[in-house]
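Here is a short briefing for a reader who is meeting this structure for the first time. Please look over the sequence and the model before reading the points below.

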Amino acid sequence: MTLSKYFITLMLVLLLLSACTTLEIGVEYTPDSILPTPTSTIRLSRVGTAVHATQLAAPAYATAQAPASITPSPSPTPDPRVYVGVPKPNTLYWGQAGRRPALFVHNSGSLEDPNRGLLLYLDGSNSSFENSFDFQKLSRPYAVYTSEFRVDLADAKQDLAEKNVYVSLLLDQTPPCQPGGINDQPKPCPKIQEINRLIEVDLTTLASREIWTHKLFSDTYPGFEGNVVIDQVAEPLEAGGDRYLILRLLPCYACEPYPPHAMLVLNVHTGQEVYLGKVGNVHVDFIEKVVAYQNLGTQRLKCDPNPICEANGDMTLYAPTGDLLKQPLP
């Protein structure tokens with residue numbers, strides 16, 4: 001064999017070995033090797049082995065290609081009764097009851113459920129009470145007044161802009177009855193000591209301040225020993241002017257608010273008042289800076305038995321009559 005033929009034969013052998021290596025490369029990889037791209041050539045007889053090796057060696061790849069299906073857990077059902085704590089006795093709360101502004105108080109003399117108390121709804125010029133209201137149903141309650149004495153609600157009214165609320169409170173300062181003394185003779189209980197107090201609550205800051213106090217059963221207003229209810233909140237048109245409350249003073253404690261009433265006008269800012277007595281049609285004239293009113297006239301009518309019908313079957317109706325009278329504003 002000549003030298004040239006030897007070289008030609010050697011080259012052919014090298015080419016055949018190179019071709020065989022190319023055909024086997026698709027299946028000769030270790031567990032740490034990377035899968036071939038879709039364009040790689042893989043011998044059909046080794047495909048099953050190659051796939052089996054990949055599944056054993058690289059489970060992370062299989063998870064990425066076919067993620068497990070996770071069913072989200074259902075949302076928890078909210079408890080409609082959100083507990084905000086038991087109300088403190090003798091504390092006045094401001095909040096919302098059925099989307100209506102309201103005041104709530106649970107006094108220390110109540111023997112009911114500690115969550116229940118007296119609620120006063122405030123709807124513009126109207127108000128209504130609800131006994132045994134559940135404090136847990138009061139939205140966003142906020143304590144605006146507290147006392148060491150038992151607190152009861154008598155009346156309340158908001159101003160026109162609904163920026164302030166004026167509240168007539170009853171504070172029971174009566175000492176407790178003492179047990180029997182010598183020979184176990186019972187001691188007489190002390191007389192009822194009730195204070196009627198007016199407060200103003202700023203609905204922006206929810207801070208309160210006392211603006212008027214009256215001792216019930218006193219002779220401060222002869223013939224009218226009860227508490228006041230708020231008839232009107234009189235406001236000036238210009239900003240910064242004095243505001244006034246027109247108050248009805250009841251003749252007795254815890255009695256029905258039937259006329260006649262004693263009327264008085266209170267300056268909210270100074271606490272000064274003007275007492276008008278048994279009059280009607282009371283209003284504040286900010287232009288003349290006076291309080292105007294009329295005396296009450298009476299009319300007798302026959303009536304069926306009712307709380308204001310007298311024993312002889314008559315009742316007296318009261319109505320403003322006569323000239324318009326005026327006094328300077330306090």
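Two strands count as paired if DSSP finds at least two bridges between them, and strands (E, at least two residues) are DSSP runs numbered from the N terminus. This is a predicted model, in which local features need pLDDT of at least 70 and side-chain atom pairs count only at pLDDT 80 or more, while totals for chains, interfaces and linings use all residues. Residues are numbered from 1 along each chain as its sequence is written, and side-chain values use heavy atoms, with hydrogens and water left out.

**The sheet**
- Four strands form an open sheet in the order β6-β7-β8-β9, with antiparallel pairing.
- The edges are held by β6 (150-158) and β9 (207-215), each with a single partner strand, so one side of each is left without a neighbour in the sheet.
- Between β6 and β7 (residues 164-172), the antiparallel pairing runs over eight bridges, and Q158 stands opposite V165 in β7.

**N196**
- N196 lies in strand β8 (residues 194-202) and is buried (under 20% relative accessible area, with a 1.4 Å probe and protein chains only), its relative accessibility being 0%.
- Contacts (heavy atoms within 4.5 Å) of N196, leaving aside neighbours within four places in sequence, include S168, W212, H214 and N227.

**E310**
- E310 sits in the loop between β14 (290-302) and β15 (314-328).
- With a relative accessible area of 36%, E310 is partly exposed, a class that lies between buried and exposed (over 50%).
- Not counting residues up to four places away in sequence, E310 touches R300 and T316.
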